[in-house]
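Good morning, and thank you for coming.

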Amino acid sequence: MASELKVEVTHKETIKPSSATPHHLETVNLSVFDQLIPQIYIPLLLFYPSTSSDEVNDIDHHRSLVVERSKLLKKSLGKALTHFYPFAGEFQDNISISCNDHGAAFLEAQVNCPISMILDRPDLGMLWKLLPSGHTSYLLQVQANFFECGGLAIGVNISHKVADASTLSKFINSWAAIAVGSASTTDHVVPPAEFGVAASLFPPLDFLNAPQTPSSGSANSSIKEKCITRRFVFDASKIAALKSKAATTAVPNPTRVEVVSALIWKCAAEASRSNLESAMPSAWCQTVNMRKVLASVLAGKDLLGNVFGLVAGQREEIVEVDDHDLQSLVTILRKGIEEFKDNYRNGVSGEGLCQLFKEVVNLIIRDDIDSYSCSSWCRFPFYTSNFGWGKPSWVVTPNVDSKNLIVLMDTKDGDGLEASLTLKEEDMTKFENNKEVLEYASLNPSVT
């Protein structure tokens with residue numbers, strides 16, 4: 001598929017905020033959370049299949065549809081940037097953003113196939129063609145991909161230093177609300193004053209004030225091994241069965257994320273151990289949205305930018321794996337989250353956050369531990385983003401091929417869970433044929 005897919009960029013332009021950013025908002029300080037993030041981009045794709053009214057019967061109709069939708073996306077993006085004005089700015093070293101209305105990159109592209117070809121057992125490797133690339137002078141980059149059938153995929157790259165998944169979902173929904181003219185009746189659009197609040201609560205540290213080089217890779221991309229990414233989908237009924245199997249007295253009601261994480265951890269470690277022909281300790285490193293952890297400190301403030309922490313759960317050597325192992329891993333995951341909440345519910349210092357990140361990163365890069373890094377995007381409302389042609393049928397953040405990286409997202413119905421998993425090739429061969437994995441998950445089913 002990747003070699004057959006042709007994506008031709010037909011137009012590029014810069015979209016600036018529709019209203020100039022006021023003078024008193026021209027500089028937004030980064031928080032210490034933002035400073036600790038490498039200068040990488042978060043990719044996101046939203047797929048909108050054609051409706052019956054969109055069916056393209058001739059070239060003129062197709063061109064008219066492209067012009068109409070492109071015009072709507074660009075106009076509403078300019079309006080959205082007046083609320084999310086730091087996204088149209090430029091970094092001043094690693095300390096602040098100059099909100100100078102530099103703008104966002106906007107690309108239009110034509111795709112030489114119907115959108116159904118992408119959604120039928122998606123080829124994850126070709127998804128990168130639908131994302132903007134090579135525009136690192138912009139913090140926000142958008143590519144509108146128009147398919148032959150009238151379908152549309154919106155590709156977004158945003159600098160991780162200005163947004164985590166929570167902030168990105170708020171931006172996408174605000175942009176969509178503006179596009180359909182309902183912004184005044186929704187709670188999506190952000191008051192300008194909300195930017196900079198995180199920096200006032202968690203100020204930047206001087207010793208982190210060093211310029212960084214932009215990169216389109218991930219924070220884990222320094223690990224160069226031959227890896228492969230696969231997509232596994234867990235529907236609601238399978239998750240319910242997995243919860244029942246994983247429940248214990250200590251954790252009687254495990255969450256979706258806990259049980260799926262535990263299963264992936266268990267079976268990935270088994271695959272690694274089998275290929276190494278030896279056992280070693282393993283660790284699971286999980287991102288945590290600290291807005292909920294710090295609820296009492298934030299007092300209702302909805303912080304924008306990056307506000308997340310890292311939790312690491314570790315187990316010692318296990319040579320023989322049995323059914324109780326899934327339960328023990330769920331217990332480890334729950335214990336790690338509860339301890340994290342206890343440690344940070346009353347606040348966190350910049351120095352304390354630096355130490356936390358350092359400890360987890362050092363654990364990830366150790367050669368004598370099998371470490372897995374997981375980011376959960378579950379419960380962020382990407383599937384509600386309606387630009388005027390319905391809600392997306394599929395939302396995905398493509399993985400880079402970095403070893404032992406896992407991204408979890410909701411399925412469209414909100415009850416299932418989709419896991420994008422990157423492992424070494426030899427480990428993935430065993431993982432994707434593991435009977436326990438296939439008992440609960442479908443390997444890369446078509447998007448319906």
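I begin with helix α5, which contributes 3 residues to the lining of the largest cavity and gives the most to that lining. Please note that this is a predicted model, in which local features need pLDDT of at least 70, side-chain atom pairs count only at pLDDT 80 or more, and totals for chains, interfaces and linings use all residues. Residues are numbered from 1 along each chain as its sequence is written, and side-chain values use heavy atoms, with hydrogens and water left out.

Some terms come next. A cavity is a set of points, on a 1 Å grid over the protein atoms alone, where a 1.4 Å probe fits but cannot get out, and its lining residues have an atom within 4 Å of a point. Grid points are joined across faces, edges and corners, and a volume is the space filled by probe spheres set on the points. Helices (H or I, at least four residues) and strands (E, at least two) are DSSP runs, numbered from the N terminus.

How many cavities of 30 Å³ or more does the structure hold? There are 3. The largest cavity has a volume of about 100 Å³. Its lining comprises 16 residues, and those nearest its centre are V28, D34, F195, L304 and G305. At least two lining residues come from each of β2 (27-29) and α5 (197-201). By class, the lining of the largest cavity has 11 nonpolar, 3 polar and 2 charged residues. In this scheme Ala, Val, Leu, Ile, Met, Phe, Trp, Tyr, Cys and Pro count as nonpolar, Asp, Glu, Lys and Arg as charged, and the others, Gly among them, as polar.

The second largest cavity has a volume of about 50 Å³. Among the residues lining the second largest cavity are A269, R273, L276 and D370. Helix α7 (residues 256-276) gives the most to this lining, with 3 residues. The lining of the second largest cavity divides into 4 nonpolar, 2 polar and 2 charged residues.

I turn now to the chain and its sheets. The chain has 13 helices and 16 strands. Of its 448 residues, 55% are buried, where buried means under 20% relative accessible area, with a 1.4 Å probe and protein chains only.

Two strands pair if DSSP finds at least two bridges between them; β2 and β5 have 3. T27 stands opposite S98 in β5.

Another open sheet has 6 strands, in the order β1-β6-β7-β8-β3-β13, and its pairing is mixed. β1 (7-15) and β13 (394-396) are the edge strands, each pairing on one side only. Within this sheet, β3 (residues 41-48) and β8 (residues 152-159) run antiparallel and are joined by 8 bridges. L46 stands opposite I154 in β8.

Which strand is largely enclosed by the rest of the structure? It is β15 (residues 417-424): 8 of its 8 residues are buried, so the rest of the structure largely encloses this strand. β15 pairs with β9 (residues 227-234) in the antiparallel sense over 8 bridges, and K424 in β15 is the bridge partner of C227. β15 also pairs with β14 (residues 405-410), again in the antiparallel sense, over 6 bridges. There, T422 in β15 is the bridge partner of L405. β14 and β15 form a hairpin with 6 residues between them, and G414 in the turn has a positive phi of about 85°.

Finally, two loop residues. D101 is not a glycine, yet it has a positive phi of about 60°. D101 lies in the loop between β5 (96-98) and β6 (104-111), and with a relative accessible area of 14% it is buried. N404, in the loop between β13 and β14, is also a residue other than glycine with a positive phi, near 60°. Is N404 buried or exposed? At 4% relative accessibility, N404 counts as buried.

Thank you for your attention.

Terms used:
On a 1 Å grid over the protein atoms alone, a cavity is a set of points where a 1.4 Å probe fits but cannot get out, and a pocket is an open set with protein on both sides within 12 Å along at least five of seven lines; lining residues have an atom within 4 Å of a point. Buried means under 20% relative accessible area, exposed over 50%, partly exposed in between (1.4 Å probe, protein chains only).
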